[in-house]
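Thanks for coming, everyone. Let me put it on the screen.

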Amino acid sequence: MKKYENTGSKDTRSGFGAGMTELGQKNENVVALCADLIGSLKFDDFKKNHPERFFQVGIAEANMIGIAAGLTIGGKIPFTGTFANFSTGRVYDQIRQSVAYSDKNVKICASHAGLTLGEDGATHQILEDIGLMKMLPGMTVINTCDYNQTKAATIALAEHHGPAYLRFGRPVVPNFTPADEPFIIGKAILMNEGTDVTIIATGHLVWEALLAAEALEAKGISAEVLNIHTIKPLDEEAILKSVAKTGCVVTAEEHNMLGGLGESVARTLAMHQPTPQEFVAVHDSFGESGTPEQLMEKYGLTSTSIIAACEKVMQRK
(Lines give C-alpha, C1' and ligand atoms only; values in the text may rest on other atoms or scores of the structure.)
Protein backbone atom coordinates (compact mmCIF):
# COMPACT_ATOMS: atom_id res chain seq x y z
CA MET A 1 0.00 0.00 0.00
CA LYS A 2 1.24 3.47 -0.89
CA LYS A 3 1.89 5.54 2.22
CA TYR A 4 0.80 9.17 2.42
CA GLU A 5 2.36 11.42 5.04
CA ASN A 6 0.91 14.52 6.63
CA THR A 7 3.50 17.12 5.65
CA GLY A 8 2.01 19.69 8.02
CA SER A 9 -1.63 20.29 8.82
CA LYS A 10 -3.19 23.38 7.23
CA ASP A 11 -6.67 24.68 6.57
CA THR A 12 -7.96 24.29 3.03
CA ARG A 13 -9.20 27.90 2.96
CA SER A 14 -5.55 28.98 3.22
CA GLY A 15 -4.90 26.93 0.10
CA PHE A 16 -7.55 29.01 -1.63
CA GLY A 17 -5.91 32.19 -0.40
CA ALA A 18 -2.52 31.06 -1.68
CA GLY A 19 -4.07 30.19 -5.03
CA MET A 20 -5.66 33.63 -5.28
CA THR A 21 -2.34 35.29 -4.44
CA GLU A 22 -0.67 33.42 -7.30
CA LEU A 23 -3.52 34.14 -9.72
CA GLY A 24 -3.36 37.82 -8.87
CA GLN A 25 0.25 37.87 -10.01
CA LYS A 26 -0.25 35.74 -13.12
CA ASN A 27 -3.61 36.75 -14.56
CA GLU A 28 -4.70 40.39 -14.69
CA ASN A 29 -8.26 39.38 -15.60
CA VAL A 30 -8.79 37.63 -12.26
CA VAL A 31 -10.86 39.73 -9.86
CA ALA A 32 -12.04 38.91 -6.34
CA LEU A 33 -15.32 39.74 -4.62
CA CYS A 34 -15.95 39.21 -0.92
CA ALA A 35 -19.03 39.45 1.29
CA ASP A 36 -17.41 41.00 4.38
CA LEU A 37 -15.20 38.00 5.16
CA ILE A 38 -11.74 38.96 3.94
CA GLY A 39 -9.87 37.24 6.76
CA SER A 40 -12.02 34.14 6.77
CA LEU A 41 -11.53 33.64 3.02
CA LYS A 42 -7.81 34.53 3.16
CA PHE A 43 -8.20 37.36 0.65
CA ASP A 44 -5.74 39.60 2.54
CA ASP A 45 -2.80 39.27 0.15
CA PHE A 46 -4.93 39.65 -2.96
CA LYS A 47 -6.55 42.79 -1.59
CA LYS A 48 -3.20 44.27 -0.55
CA ASN A 49 -1.45 43.57 -3.85
CA HIS A 50 -4.34 44.22 -6.24
CA PRO A 51 -6.75 46.70 -4.61
CA GLU A 52 -8.10 47.75 -8.01
CA ARG A 53 -9.23 44.16 -8.63
CA PHE A 54 -10.76 43.52 -5.21
CA PHE A 55 -14.39 44.36 -4.43
CA GLN A 56 -15.70 44.38 -0.86
CA VAL A 57 -19.42 43.93 -1.40
CA GLY A 58 -20.39 43.69 2.25
CA ILE A 59 -23.11 41.43 3.64
CA ALA A 60 -24.96 41.44 0.32
CA GLU A 61 -24.28 38.03 -1.19
CA ALA A 62 -27.00 38.20 -3.84
CA ASN A 63 -25.56 41.48 -5.07
CA MET A 64 -22.09 39.93 -5.11
CA ILE A 65 -23.25 37.18 -7.49
CA GLY A 66 -24.94 39.73 -9.75
CA ILE A 67 -21.84 41.93 -9.87
CA ALA A 68 -19.67 38.90 -10.63
CA ALA A 69 -21.92 37.88 -13.52
CA GLY A 70 -21.71 41.40 -14.93
CA LEU A 71 -17.92 41.51 -14.67
CA THR A 72 -17.62 38.47 -16.94
CA ILE A 73 -19.17 40.44 -19.80
CA GLY A 74 -16.05 42.61 -19.86
CA GLY A 75 -13.76 39.59 -19.93
CA LYS A 76 -12.98 39.46 -16.22
CA ILE A 77 -12.73 36.19 -14.30
CA PRO A 78 -14.50 36.81 -10.97
CA PHE A 79 -13.90 34.67 -7.89
CA THR A 80 -16.56 35.24 -5.23
CA GLY A 81 -15.90 34.35 -1.60
CA THR A 82 -18.02 33.77 1.48
CA PHE A 83 -19.18 30.88 3.68
CA ALA A 84 -20.60 27.88 1.80
CA ASN A 85 -24.07 28.40 3.29
CA PHE A 86 -24.17 31.99 2.05
CA SER A 87 -22.48 31.08 -1.25
CA THR A 88 -25.28 28.69 -2.23
CA GLY A 89 -28.45 28.52 -0.13
CA ARG A 90 -28.75 32.26 0.38
CA VAL A 91 -28.19 33.16 -3.28
CA TYR A 92 -29.47 30.16 -5.22
CA ASP A 93 -31.83 32.19 -7.37
CA GLN A 94 -29.07 34.57 -8.45
CA ILE A 95 -26.71 31.68 -9.20
CA ARG A 96 -29.33 29.86 -11.23
CA GLN A 97 -30.50 32.82 -13.27
CA SER A 98 -27.47 35.12 -13.58
CA VAL A 99 -24.64 32.57 -13.60
CA ALA A 100 -25.73 29.05 -14.59
CA TYR A 101 -28.58 29.82 -16.99
CA SER A 102 -26.57 32.66 -18.51
CA ASP A 103 -23.40 30.50 -18.67
CA LYS A 104 -21.26 33.16 -17.04
CA ASN A 105 -17.61 32.50 -16.20
CA VAL A 106 -18.04 32.98 -12.43
CA LYS A 107 -16.09 30.98 -9.85
CA ILE A 108 -18.18 30.59 -6.69
CA CYS A 109 -15.71 29.85 -3.90
CA ALA A 110 -17.14 28.59 -0.64
CA SER A 111 -15.34 28.22 2.67
CA HIS A 112 -16.54 26.83 6.02
CA ALA A 113 -18.45 23.96 4.35
CA GLY A 114 -19.83 20.90 6.10
CA LEU A 115 -19.86 19.81 9.73
CA THR A 116 -16.26 20.82 10.34
CA LEU A 117 -17.33 24.45 10.60
CA GLY A 118 -17.87 23.24 14.15
CA GLU A 119 -19.17 25.46 16.91
CA ASP A 120 -21.10 27.82 14.60
CA GLY A 121 -23.77 25.12 14.44
CA ALA A 122 -26.47 23.90 12.09
CA THR A 123 -27.45 27.29 10.65
CA HIS A 124 -23.98 27.66 9.13
CA GLN A 125 -23.01 24.01 8.51
CA ILE A 126 -24.49 23.54 5.07
CA LEU A 127 -24.66 19.87 4.10
CA GLU A 128 -26.77 20.33 0.96
CA ASP A 129 -24.59 22.58 -1.17
CA ILE A 130 -23.08 19.92 -3.44
CA GLY A 131 -26.57 18.73 -4.34
CA LEU A 132 -27.78 22.26 -4.99
CA MET A 133 -24.88 23.08 -7.25
CA LYS A 134 -24.50 19.83 -9.17
CA MET A 135 -28.14 20.02 -10.29
CA LEU A 136 -27.48 23.25 -12.18
CA PRO A 137 -26.80 22.59 -15.88
CA GLY A 138 -23.24 23.47 -16.86
CA MET A 139 -22.01 23.95 -13.29
CA THR A 140 -18.65 22.36 -12.42
CA VAL A 141 -18.48 21.20 -8.77
CA ILE A 142 -15.14 20.72 -6.98
CA ASN A 143 -14.54 19.62 -3.38
CA THR A 144 -10.87 19.55 -2.40
CA CYS A 145 -9.16 17.44 0.26
CA ASP A 146 -6.21 19.47 1.56
CA TYR A 147 -4.23 22.72 1.29
CA ASN A 148 -2.17 21.73 -1.74
CA GLN A 149 -5.13 20.48 -3.73
CA THR A 150 -7.22 23.54 -2.91
CA LYS A 151 -4.46 25.84 -4.11
CA ALA A 152 -4.06 23.85 -7.32
CA ALA A 153 -7.81 23.77 -7.95
CA THR A 154 -8.10 27.54 -7.47
CA ILE A 155 -5.39 28.15 -10.05
CA ALA A 156 -6.89 25.60 -12.47
CA LEU A 157 -10.31 27.24 -12.34
CA ALA A 158 -8.95 30.46 -13.86
CA GLU A 159 -8.18 28.49 -17.03
CA HIS A 160 -11.53 26.71 -17.05
CA HIS A 161 -14.28 28.55 -18.87
CA GLY A 162 -17.75 28.32 -17.37
CA PRO A 163 -19.54 28.52 -14.03
CA ALA A 164 -17.88 26.60 -11.22
CA TYR A 165 -18.32 25.89 -7.51
CA LEU A 166 -15.25 25.33 -5.33
CA ARG A 167 -15.90 23.98 -1.83
CA PHE A 168 -13.38 23.98 1.03
CA GLY A 169 -13.25 24.33 4.81
CA ARG A 170 -12.12 26.10 7.95
CA PRO A 171 -10.38 23.48 10.15
CA VAL A 172 -6.73 22.57 10.06
CA VAL A 173 -6.47 19.16 8.36
CA PRO A 174 -3.62 16.94 7.13
CA ASN A 175 -1.82 18.19 4.03
CA PHE A 176 -0.77 15.06 2.14
CA THR A 177 -1.11 15.49 -1.64
CA PRO A 178 2.01 16.52 -3.60
CA ALA A 179 2.41 20.29 -3.99
CA ASP A 180 3.30 19.82 -7.65
CA GLU A 181 0.49 17.39 -8.53
CA PRO A 182 -1.41 18.66 -11.58
CA PHE A 183 -5.07 19.45 -10.94
CA ILE A 184 -7.15 18.12 -13.81
CA ILE A 185 -10.82 19.04 -13.53
CA GLY A 186 -13.01 15.95 -13.87
CA LYS A 187 -10.18 13.45 -13.38
CA ALA A 188 -10.15 11.23 -10.29
CA ILE A 189 -6.88 10.46 -8.53
CA LEU A 190 -6.05 6.85 -7.69
CA MET A 191 -4.57 7.13 -4.22
CA ASN A 192 -4.16 3.43 -3.50
CA GLU A 193 -4.64 0.28 -5.55
CA GLY A 194 -6.68 -2.58 -4.12
CA THR A 195 -8.68 -5.64 -5.08
CA ASP A 196 -11.33 -6.26 -2.38
CA VAL A 197 -13.27 -3.00 -2.01
CA THR A 198 -13.30 0.46 -3.58
CA ILE A 199 -13.44 3.54 -1.33
CA ILE A 200 -14.52 6.66 -3.20
CA ALA A 201 -13.96 9.77 -1.09
CA THR A 202 -14.07 13.53 -1.45
CA GLY A 203 -12.93 16.52 0.60
CA HIS A 204 -11.91 15.93 4.21
CA LEU A 205 -12.94 12.27 3.95
CA VAL A 206 -10.06 11.42 1.59
CA TRP A 207 -7.58 11.38 4.47
CA GLU A 208 -9.99 9.28 6.54
CA ALA A 209 -10.29 6.88 3.59
CA LEU A 210 -6.51 6.48 3.48
CA LEU A 211 -6.42 5.78 7.23
CA ALA A 212 -9.20 3.22 6.74
CA ALA A 213 -7.32 1.53 3.89
CA GLU A 214 -4.23 1.21 6.07
CA ALA A 215 -6.23 -0.35 8.90
CA LEU A 216 -8.02 -2.69 6.48
CA GLU A 217 -4.68 -3.82 5.07
CA ALA A 218 -3.69 -4.91 8.57
CA LYS A 219 -6.82 -7.08 8.52
CA GLY A 220 -5.89 -8.63 5.20
CA ILE A 221 -8.35 -6.54 3.18
CA SER A 222 -7.09 -4.76 0.07
CA ALA A 223 -8.85 -1.41 -0.40
CA GLU A 224 -8.62 0.76 -3.49
CA VAL A 225 -8.98 4.50 -2.76
CA LEU A 226 -10.17 7.06 -5.29
CA ASN A 227 -9.95 10.79 -4.57
CA ILE A 228 -12.93 12.38 -6.32
CA HIS A 229 -12.16 16.08 -6.14
CA THR A 230 -14.51 16.86 -9.02
CA ILE A 231 -18.05 15.73 -8.33
CA LYS A 232 -19.30 17.22 -11.58
CA PRO A 233 -18.22 16.27 -14.19
CA LEU A 234 -17.77 12.90 -12.50
CA ASP A 235 -14.96 10.59 -13.61
CA GLU A 236 -17.23 7.67 -14.38
CA GLU A 237 -14.50 5.80 -16.24
CA ALA A 238 -12.27 5.65 -13.15
CA ILE A 239 -15.18 4.55 -10.94
CA LEU A 240 -16.34 1.80 -13.28
CA LYS A 241 -12.79 0.53 -13.81
CA SER A 242 -12.26 0.25 -10.07
CA VAL A 243 -15.54 -1.46 -9.18
CA ALA A 244 -15.11 -3.91 -12.04
CA LYS A 245 -12.04 -5.11 -10.16
CA THR A 246 -13.31 -4.98 -6.57
CA GLY A 247 -17.04 -5.71 -6.97
CA CYS A 248 -18.20 -3.36 -4.20
CA VAL A 249 -17.88 0.28 -3.19
CA VAL A 250 -18.06 2.65 -0.21
CA THR A 251 -18.56 6.37 -0.79
CA ALA A 252 -17.42 8.86 1.85
CA GLU A 253 -18.25 12.56 2.08
CA GLU A 254 -18.86 15.41 4.52
CA HIS A 255 -22.31 16.12 3.09
CA ASN A 256 -25.87 14.89 3.27
CA MET A 257 -26.22 11.36 1.89
CA LEU A 258 -29.05 12.77 -0.26
CA GLY A 259 -27.73 14.72 -3.22
CA GLY A 260 -24.01 14.26 -2.68
CA LEU A 261 -21.14 12.29 -4.18
CA GLY A 262 -22.64 8.97 -3.10
CA GLU A 263 -25.79 9.55 -5.12
CA SER A 264 -23.78 10.51 -8.19
CA VAL A 265 -21.79 7.30 -7.88
CA ALA A 266 -24.97 5.26 -7.33
CA ARG A 267 -26.50 6.72 -10.49
CA THR A 268 -23.38 5.81 -12.45
CA LEU A 269 -23.43 2.25 -11.14
CA ALA A 270 -27.16 1.84 -11.74
CA MET A 271 -26.77 2.91 -15.37
CA HIS A 272 -23.63 0.98 -16.22
CA GLN A 273 -22.62 -1.62 -13.65
CA PRO A 274 -24.95 -2.36 -10.70
CA THR A 275 -22.69 -2.86 -7.67
CA PRO A 276 -23.22 -3.12 -3.88
CA GLN A 277 -22.63 0.28 -2.28
CA GLU A 278 -22.53 1.66 1.25
CA PHE A 279 -22.69 5.37 2.13
CA VAL A 280 -20.57 7.19 4.70
CA ALA A 281 -22.29 10.57 4.94
CA VAL A 282 -24.69 12.56 7.09
CA HIS A 283 -27.99 10.69 7.11
CA ASP A 284 -30.62 13.31 6.23
CA SER A 285 -30.14 15.60 9.21
CA PHE A 286 -28.83 19.02 10.09
CA GLY A 287 -25.66 19.45 12.12
CA GLU A 288 -25.19 20.93 15.58
CA SER A 289 -22.61 22.82 17.62
CA GLY A 290 -19.43 21.04 18.65
CA THR A 291 -15.79 20.73 17.77
CA PRO A 292 -15.06 19.38 14.27
CA GLU A 293 -13.66 16.19 15.79
CA GLN A 294 -16.74 15.63 17.98
CA LEU A 295 -19.10 16.16 15.07
CA MET A 296 -17.22 13.93 12.64
CA GLU A 297 -17.31 11.19 15.26
CA LYS A 298 -20.98 11.62 16.16
CA TYR A 299 -22.16 11.72 12.55
CA GLY A 300 -20.03 8.77 11.50
CA LEU A 301 -17.56 10.52 9.19
CA THR A 302 -14.36 8.84 10.37
CA SER A 303 -11.99 6.10 9.26
CA THR A 304 -13.72 3.79 11.74
CA SER A 305 -17.04 4.30 9.98
CA ILE A 306 -15.42 3.72 6.59
CA ILE A 307 -13.88 0.46 7.82
CA ALA A 308 -17.26 -0.76 9.08
CA ALA A 309 -18.91 0.18 5.78
CA CYS A 310 -16.24 -1.69 3.83
CA GLU A 311 -16.67 -4.84 5.89
CA LYS A 312 -20.45 -4.61 5.47
CA VAL A 313 -20.43 -4.04 1.71
CA MET A 314 -17.96 -6.87 1.11
CA GLN A 315 -20.51 -9.28 2.60
CA ARG A 316 -23.02 -8.15 -0.04
CA LYS A 317 -20.86 -9.16 -3.00
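**Salt bridges, spaces and a strand**

Start with Lys 245: at 40% relative accessibility, this residue counts as partly exposed. The scale is this: buried is under 20% relative accessible area, exposed is over 50%, and partly exposed is in between, with a 1.4 Å probe and protein chains only.

Before going on, the ground rules. This is a predicted model, so local features need pLDDT of at least 70 and side-chain atom pairs count only at pLDDT 80 or more, while totals for chains, interfaces and linings use all residues. Residues are numbered from 1 along each chain as its sequence is written, and side-chain values use heavy atoms, with hydrogens and water left out.

Which residue does Lys 245 pair with in a salt bridge? The partner is Glu 224, and the closest N and O atoms are 2.6 Å apart. The pair links distant parts of the chain: Glu 224 sits in strand 11 (residues 223–227), Lys 245 in helix 9 (residues 236–246), 21 residues apart. Glu 224 counts as buried, at 4% relative accessibility.

Two definitions go with that. A salt bridge here is a side-chain nitrogen of Lys or Arg within 4 Å of a carboxyl oxygen of Asp or Glu. Helices (H or I, at least four residues) and strands (E, at least two) are DSSP runs, numbered from the N terminus.

By the salt-bridge rule, the count comes to 13. Here are some others.

Glu 288 and Lys 298 meet through their side chains at 2.7 Å, N to O. Glu 288 is in the loop between strand 14 (277–282) and helix 11 (292–298), Lys 298 is in helix 11, and they are 10 residues apart. Glu 288 is partly exposed at 28%. Lys 298 is exposed at 58%.

Glu 119 and Arg 170 form a salt bridge at 3.9 Å, N to O. They are 51 residues apart: Glu 119 in the loop between strand 5 (107–111) and helix 6 (129–134), Arg 170 in the loop between strand 7 and strand 8 (172–173). Both ends are partly exposed, with Glu 119 at 44% and Arg 170 at 25%.

There is also a network of salt bridges, linking Glu 22, Lys 26 and Lys 151.

Now the pockets. On a 1 Å grid over the protein atoms alone, a pocket is an open set of points with protein on both sides within 12 Å along at least five of seven lines; a cavity is a set where a 1.4 Å probe fits but cannot get out; lining residues have an atom within 4 Å of a point. Grid points are joined across faces, edges and corners, and a volume is the space filled by probe spheres set on the points.

The largest pocket holds about 260 Å³. Its lining has 15 residues, and Thr 116, Val 173, Pro 174, Glu 208 and Met 296 lie nearest its centre. Helix 11 gives the most to this lining, three residues. By class, the lining is 10 nonpolar, three polar and two charged. For these classes, Ala, Val, Leu, Ile, Met, Phe, Trp, Tyr, Cys and Pro count as nonpolar, Asp, Glu, Lys and Arg as charged, and the others, Gly among them, as polar.

The second largest pocket has about 210 Å³. Glu 224 is back: this residue is one of those nearest the centre, in a lining of 13 residues. Helix 9 gives the most here, five residues. The classes are five nonpolar, one polar and seven charged.

On to cavities. How many reach 30 Å³ or more? Two. The largest has about 50 Å³, and its lining residues include Thr 12, Asn 143, Arg 167 and Glu 254.

Asn 143 takes us to strand 6 (residues 140–143). Thr 140 and Ile 142 point one way, Val 141 and Asn 143 the other, and all are buried. In a regular strand the side chains alternate between the two faces of the sheet.

Strand 6 pairs with strand 7 (residues 164–167) in the parallel sense, over four bridges; pairing requires that DSSP finds at least two bridges between two strands. Ile 142 stands opposite Leu 166 in strand 7. Strand 6 also runs antiparallel to strand 12 (residues 230–232), joined by two bridges. There, Val 141 has Lys 232 as its bridge partner.
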